[in-house]
Structure formats: C-alpha cells, structure tokens
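Let's take a walk through this one together. Have a look at the fold, and then we'll go through it piece by piece.

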Amino acid sequence: MSASHIENVAMIGAGTLGGQIAWHSAYMGKQVTVYDISEEGLKKCRAAHAGYAAIYSADLNASEDDIAATHSRLTFTTDLAEAAQNADLVIEAVPEVPDIKIDVYQKLATIMPEETILATNSSTLLPSMFAAETGRPDRFGALHFANMIWALNIAEIMGAPETSDDTLTRLTAYAVEIGMVPIPISREQNGYVCNSLLVPLLQAAQSLVTKGVADHETVDRTYMIMNRGCTMGPCGIMDMVGMGTLHEIFTYWGTQLSDQEMLTNAEYIQSHFLNTGRMGLLAGQGYYDYPNPTYQQPGFLDVPDKSAVPALAAKAKLS
Ligand SMILES: NC(=O)c1ccc[n+]([C@@H]2O[C@H](COP(=O)([O-])OP(=O)(O)OC[C@H]3O[C@@H](n4cnc5c(N)ncnc54)[C@H](O)[C@@H]3O)[C@@H](O)[C@H]2O)c1
C-alpha cells in the first residue's frame, strides 16, 4: 500500500485537465475511472489519450508496455456512482462554474465511500466556497495540476480551514507518488501561486489583442524574445488552456470584481473563438492552427528579411 493509501482514483470531468490527470495518474500506476457527463466528453478524452501516448513515448521514453499498462488501468463511464463507488480519491475537474461544481459535489456526497478524499482541480476558486456542499469538509481540499502535467509537474495543495491534516498529508503523498513537485499553499488564495502569476499575464495579453494594440503573433514574439528559452507566449498558452475555460475564468472574475476589461475580453473570446469553434489546442485551432503553430516554426523569433519591412511598417500605422 502506498503512503497516500490512494490506489483507486475517480476523475470527474474528462476535458483538457481531467484527461491529463487521469492519463498521468494511470501512467504512474494508479487505477483510474474517468467519468464525464457525456459520451462525447469521454470520446474526446480517449482521443486526447492517444495523443498523450505519443508524447510520453517521445518525451518520457515510455515503452510500448508502459503505454499498454497505462491504457489497462483506465476505465471510462458516464455513470457517476460507478466512477466513485470504489475511489480512495475523487478528483473533480468539471467546468470552472461554481454552480456546476456544487451540483457535482452534492451528487458525489451521497455516493462516495465514507473515507474517500475529494479534491478540486479548480484554477481560481477556493475550497472554502464548497467545503459545506461536499458533506465531508475535513476530507476535501484543492489538488491543482498544471496543463501539460507530464512536463510542468507541479501539484498545488490548498486546504480550506476545515481540511484535516491527514487529508493534506495524503494529497501531498499522492502528488509525490505520481511524480509531482508539491506546492503547499499556506493561505487560501484564488489561483494558488501558479494562476496568481498566470491569469494576470493572460489577461494582459488578451487586452493587447482585444484593444487592437498588437496581434497575437506580435504579443507572443515579444514575450518569447523577452523570456528567451520559453517555448510559447501567452496566446499560445491560452490555446493550451482552452478557450472555454478561459472564457469561464474571465466571465466569473470579471463579474466578481466588476472588471469591465475582463468582461470585454470574455466577449472577445466568445465572438472570435467559441462562436467559430476555435476552442484551442485540443480542437486543433485557437489563436494558432495545430500542429506546427507559427510560433514553433523556424524564424519566428529571428530578425526578419528586409522584404518584410513594408508589411511590418503598415502594422505600425495607428488605427
Ligand atoms: N485548462 C487548463 O489549463 C486548466 C489547468 C488547471 C486547472 N483547470 C481547471 O480544471 C477544471 C476543468 O477545466 P478543463 O479546462 O479541463 O475544462 P474542459 O472544458 O476542457 O472540460 C470539462 C469537462 O467536464 C465535463 N462536464 C461538464 N459538466 C459536467 C458535470 N456536471 N459532470 C461531469 N463532467 C462535466 C465536460 O463534458 C468536459 O469534458 C476547471 O476547474 C479548470 O479551472 C484547467
């Protein structure tokens, strides 16, 4: 038995992050049942897993046996009771919308075994907003992973005041067991460390695009030159996060903070991305087209040829 006493995991929500957490946990030896509200969600998750298999083989030297074993530890269901009934740990990664999360917690409360720990992967919401709804406030906390879990291997652990020491210990042990660097959060903070840094960056980048100050490639090129060695800029990161989740974050926090700039950015994302199906990297289209987005192509950060001057000068003309 592992230190965390967590062998069976239920992943609730099979989208961008749920799919990654489920795959990575299974790769690291845990039994994972993936639940989504729709068959379509599970289908997309399986397709994403095929992509992760290729990435883990290429980047992590995963063998064919490792990949086969990972697949064998994953099961999929649209039956919430089936997903949660044997779970030592339930990880929730449903949309960043409080009412949806509360609905899921209330349903889970009647299903989960008494000793099961419940964790939220929420990007920006606090465990204390939901502790009472879970029916097990001492066995509930946040366990927050970053997108591209296999490379950006942090797990932020944040409790509510009611979260027990044992729960914090077991969540931390689980993070270590699946190869994460635990990031303990000592006070409740919307966005932990990771998103307290990232969300303002994405908001700033989106505002530059929304206001027509610079196009997305110009924003990313500037960022990537100023932060030499990084592999993408904030608009590339937005594609990776997914436009749906970004829209939820900007809408929720724009409303909460009466932040008109954030709400305007949410409207931009709605009209330019959600309404056109450009949902981000997993969908193959967002700010960039995938695979081979322009920011990964040779020359993106180079001094341009002289022939590029007229087009660049035209972009510098005030509109
Ligand atoms: N995308 C990121 O980069 C990222 C990073 C860290 C944390 N998160 C957080 O993870 C959570 C999920 O984000 P995401 O980007 O994976 O979202 P997503 O939109 O990609 O996926 C959400 C999934 O939940 C499913 N779903 C919707 N309602 C449901 C319900 N009632 N029960 C079960 N499943 C339901 C959807 O079908 C979808 O498959 C959010 O809280 C988000 O803030 C996201």
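Where does the ligand lie relative to domain 1 (8-184) and domain 2 (195-301)? Both domains give residues to the shell around the ligand, so it lies between them. Before going further, keep in mind that this is a predicted model, where local features need pLDDT of at least 70, side-chain atom pairs count only at pLDDT 80 or more, and totals for chains, interfaces and linings use all residues. Residues are numbered from 1 along each chain as its sequence is written.

Back to the shell: 25 residues surround the ligand, where being near means a C-beta atom, placed from the backbone, within 6 Å of it. The closest are Gly13, Gly15, Gly41, Ser123 and Asn147. The elements that give two or more residues are α1 (16-27), α5 (98-109) and α11 (243-256), and α1 has the largest share, with three residues. Helices here are DSSP runs of H or I with at least four residues, strands are E runs of at least two, and both are numbered from the N terminus. By class, the shell divides into ten nonpolar, 13 polar and two charged residues (nonpolar being Ala, Val, Leu, Ile, Met, Phe, Trp, Tyr, Cys and Pro, charged being Asp, Glu, Lys and Arg, and polar the others, Gly among them).

Now the domains themselves, whose bounds come from an automatic or database domain assignment. Nine residues of domain 1 are in contact with eleven of domain 2, contact meaning C-beta atoms, placed from the backbone, within 7 Å. On the domain 1 side, that's four nonpolar, four polar and one charged.

Next, look at α12 (residues 260-272). Its buried residues are Met262, Asn265, Ala266 and Ile269 (buried is 20 or more other C-beta atoms within 10 Å of a residue's own, exposed 12 or fewer, partly exposed in between, with C-beta atoms placed from the backbone).

Finally, the loop between α12 and α13 (309-315) holds Pro291, and the peptide bond from Tyr290 to Pro291 is cis, with omega near -5°. Asn292 sits in that loop too, with a positive phi near 60°, and counts as exposed with 9 C-beta neighbours inside 10 Å.

Methods. Contact = placed C-beta atoms within 7 Å.
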